[in-house]
Amino acid sequence: PRCFLRMMKQPRKDGEASPTFVLRKNKAPVELTKSLSLDPFFKDESESVAAASNQEYKIQSIVHHIGTLADSGHYTADALRDDPKGSGKSKAWVSFDDTTVERLSEADVLEDKPRRKTAYMMLYTLAP
């Protein structure tokens, strides 16, 4: 595929014996990588080993869910955009939070623990 959406942080039921059904958010930090390969998930039909495609995917955006419960909260997004201050080929990370838009470093996006804890969905595209 040219792109794929990786969804993390699936909600879980709060307690097996609970009479009410409350979805709690998984708050574990997510490992955010600049690139990844799907090769380990593909098998050659005639062999039991993974078929190597050498296709690398690059992260383009991350959706964050901020809140305790899975059915309420606030969403923000970080996206890799064309850099208006750079040459035509340079990219910059931008954070979107309602009416606030700010530029971030790659380390702020991929390595910041609070951001890793709220990461909910990541969009990856096939590298050229």
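Is P29 buried, partly exposed or exposed? P29 comes out as partly exposed, with a relative accessible area of 36%; here buried means under 20%, exposed over 50% and partly exposed in between, using a 1.4 Å probe and protein chains only. The model is predicted, so to speak of local features takes a pLDDT of at least 70 and side-chain atom pairs count only at pLDDT 80 or more, while totals for chains, interfaces and linings use all residues. Residues are numbered from 1 along each chain as its sequence is written, and side-chain values use heavy atoms, with hydrogens and water left out.

As for where P29 sits, it is in the loop between strand 3 (23-24) and strand 4 (35-37). P29 and K113 are 84 residues apart in sequence, yet their C-alpha atoms are 6.8 Å apart in space.

Overall, the protein has two helices and nine strands, counted as DSSP runs numbered from the N terminus (helices are H or I with at least four residues, strands are E with at least two). Read along the sequence, the pattern is β-β-β-β-β-β-β-β-α-α-β. Of the 128 residues, 25% are buried. Taking contacts (heavy atoms within 4.5 Å) between residues at least 6 apart in sequence, 50% join residues at least 24 apart.

Turning to charge pairs, there are five salt bridges, a salt bridge being a side-chain nitrogen of Lys or Arg within 4 Å of a carboxyl oxygen of Asp or Glu. One of them joins R115 and D78, at 2.9 Å from N to O. This pair links distant parts of the chain, with R115 in helix 2 (residues 113-118) and D78 in strand 6 (residues 74-82), 37 residues apart. Both partners are tucked away: R115 counts as buried at 19% relative accessibility, and D78 is buried at 0%.

Another salt bridge pairs K91 with D82, again with the closest N and O atoms 2.9 Å apart. Here K91 is partly exposed at 45%, and D82 is exposed at 51%. D83 and R103 also meet in a salt bridge, at 2.8 Å from N to O. D83 lies in the loop between strand 6 and strand 7 (91-97) and R103 in strand 8, so this bridge ties together parts 20 residues apart in sequence. D83 is buried at 11%, whereas R103 is partly exposed at 46%.

Strand 8 (residues 100-104) also holds E102, which is partly exposed at 43%.
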